[in-house]
Amino acid sequence: MDYGHIAPVYQDARRTGDGLVTPVVPDRPARVQVEQLRKLQQVEHAGEFNIWYGKYMGESSYEKAARASTRVCLETDAGLTRADYTSNTNYICLHFARGCCVYGKDCTFRHCAPTEEDESSADAPHDIFGRDRHGSFRDDMGGVGTWTKDCKTLYVGRMCARPSEEAMTEILVRHMGEFGRIESCRVLRGKGCGFVTYHLRATAEFAKEAMAEQTLDHDEQINVRWAYDDPNPRAQAVRLRNSAQQMLAAMEAKGHLSSGAAAYPEDFPTPDEADEADEPGAAGSAEYEAAAGGASVAKRARVSEPVPMTREPTAPDEHPFGFPFPPYACQLDFMRSLYQCLDDGGIGVFESPTGTGKSLSLVCGALRWLQDQQRREERLLEEKLAASEADAEDWVDNWYTDMKLSRLQRRSSALAEKRELAQVVGEVRKTAYAKQLGVVSLGSRKALCTNEAVRGAPGGAERVNELCLDLQSKAAKAKRATGKGNEGAAADRTTREGDRGLGGDGGGAGCPLHRPRDAANKEARQAVTDSALLAPRDVEELGALGRREGCCAYYAARDALPDAQLVLLPYASLLHAGTRESLGLSLRRSVVIVDEAHNLIDTINDTHSVTLTARQLSEVSAQLAQYAEKYHARLKPTNRLCVQQLLQVVRALRAALQPAAAGAPRVGGGGGSGEVTERIVRLNEFLSALRVDHLNLFDLTAFCEGSQIARKLRGFADAELDELGRLLLSLAASVPDGIVVFLPSFGYEEQVGGALLLSIVGGKMSEGINFSDGLGRCVVMVGLPFANPSELTLQERWAHLDATHGVGAGREYYTNLCLKAVNQSIGRAIRHIGDYATIVLADSRFGKASIRQRLPQWIGSQLRTAVSHQQALSAIESFFGGRAAEQRSIEARRRARARGEEL
Ligand code: SF4
């Protein structure tokens, strides 16, 4: 039953060829509907949303809602408003729909009923009135509705049930049909309600507002809400099909689809054939029959062929695009358009709502093109072969060139975020291409590393990369050193020591899971590479394969690259030229597919952004200064200059993060009271504020990349730690009882770790706790714990002392502060007259007179300076050797005390 002819529409309605009525806006100013603005009942977005009750504050429930006092009459009220001239908005006036707009022609929203055009150009997050749609329907099915369902059916409750069912239907259609074409109407007389399905969702939205709390013919107050989904499978299928078609129409209207212009594969059915094949059965107009459930539903379901809720899989190769199921119309169009785009060699942007199977369409469309392209190239090659019979030499040359091109052409790089790689692999597995093409998932080292010691190292992906590369370079160094006599043996020994912590087996060949010269390891790696190419696998599966075979899955996946036709990798690996290069991934003659491309901007931003903390900069600054000092004589003048300039930039950056420090350049614009401010500044402005604008940052960047200073600094810091570690180990072997080690900062403590009692100068262990007798026989003071010179209070005191006691008094105070902390810490071990301990001051600056004279006199007088660890250890051993007898008597007294004997 077509209700279109019943719908009375206003004066200037237009009748189209197929008999549909399309209302157009009458060419006259819109009428002012009421003189005073009235309160709208049940209007959304008018107050705060109460998540407990699922409604807006002040909104009445439908039982209590007052009867509508105004009603729109399209025939007299509709007309042109400001919105028709300014095109600022396409939304319709909600007050107009409720019959109470006070602005008339001056309204900035449109005054008309929705049209097909409104429907196709609508944006999913907003309804026809511009209100935000929700993620799901409200519990009472009232309000704006949801963007996740294309509901066009309204429930009309509290109807007067006195008339017959036919009369009720006629009344409902007459009233509800004023706003646009009705597809179907079903009345349930016994329940006093009806369901009206509109041709357009926009019309349903308009009608819902226009008829809210209105009366029909019997002075009732109707209740209009969204209807639940029709549970009838036939209705479900029709709904899905219609929504897909509308989605396509909307995309076409927005110019996102090239319609009908696709050049299909030769064996592809024409659009008409495809449509016929895709026809799920006659689309009934009474699909809402089942609204009330019960007998009529069961009856209909038996009479007609049920429409399956899930699609049956097709046999491989059955579908021209290798699609595993009969595709929906939108999927088909997606694949056709993608195919055409690739054939044209263009760049395509494809948009499809969530849940429409776009990843699968993407995979099938692209891989189908890839296969066709391969066939075309093979045909071309055969033709050349036939044509070149006369000239064999030329043919050999051409053949070689073409084979190279063909190999490159076969690669298609699909790209997804790491967490989505597995999902894409899952989609590829469903297709007919799974067994025909080589697919490789190229994860990061962090994802694919099979060396547990490296993979589990704290510090994220960057750290895993560094550790892995360190292992490789150590292996390379060890190899170079082999055959260099004693020196080589020493290098090999160093490598073995370095490897031990990272799962090395002491063989001196870097990572034990990646030994390119080891036949067994090579074989295992080849097995993983072959398995990776045999069937699509995600990174998790590749990692598991690597662990099972006992080889590196990361390098095995890289080995598979040259033979892979589909490479799946995270955005960052594709977008970063250096990473691509290190992977050996060339994009020449490749198809690049970016899935979920809306994440692209964020990824690009992340790739080119870095967060620096003051602490990191302080550490870099300290390491760089030590590095410059240590290698001062060995650095070339140009490199020495670059290191100094780098140091200047790092210090300036650190100062910028602490603008409160006196005299520091204030880039953030904050005041001197330490408040945190945020500001975006241009690079030049920033550099000028830091007072480093005279430096050429491009040269410095080139120096950093070329000299690999970052890696050298890390190695330098590690070497220092190694040295300290060796010292502590030796001390532990020489000192008979406990050792307390004080470190200059928490950052240092994190680097050192270990089982000794590590404490911080100025921390809880440095005051009030005694390590007398056997609790502490050795105190090690690592470095000089100078306070942060950019601290505001320190700066003020320093300045005050300089001003009142002469220049230099501030520095004196600063040094004394440091030494006071040292003295407090080293005094923890010797607590009574019979107590003894060694104090190791592990910093060459303690040898300076200026520092030495600030130590307690009883310590300063006994201070011995050792020029090497060995010398220090000998002195310590001889000290404890001289105390051996005393130590034995102490032990005897301790044991006697434990037995309760009287001494
Ligand atoms: S070679 Fe492979 S297994 Fe070894 S550390 Fe590097 S990524 Fe990990």
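Which strands does α6 lie across? Hold that thought. First, the ground rules. This is a predicted model, where local features need pLDDT of at least 70, side-chain atom pairs count only at pLDDT 80 or more, and totals for chains, interfaces and linings use all residues. Residues are numbered from 1 along each chain as its sequence is written, and side-chain values use heavy atoms, with hydrogens and water left out.

Now the sheet. It is open, has 4 strands, and runs in the order β6-β7-β5-β8 with antiparallel pairing. Strands here are DSSP E runs of at least two residues, and helices are H or I runs of at least four, numbered from the N terminus. Pairing takes at least two DSSP bridges between two strands. One partner pair is G157 with N223 in β8.

Next, the helices. α5 packs on the sheet and touches β5, β6 and β7; contact means heavy atoms within 4.5 Å. The direction of α5 makes about 140° with that of β6. Angles run from 0 to 180 degrees between N-to-C directions, with axes fitted to C-alpha atoms, for helices over the stretch in contact.

Back to α6. α6 lies across β5, β7 and β8, at about 150° to β8.

What is buried in α5? M168, T169, I171, L172, V173, H175 and M176. Buried means under 20% relative accessible area, with a 1.4 Å probe and protein chains only. Their cover includes β5 (153-157), β6 (182-188), β7 (193-198) and α6 (201-210).

Methods:
Buried means under 20% relative accessible area, exposed over 50%, partly exposed in between (1.4 Å probe, protein chains only).
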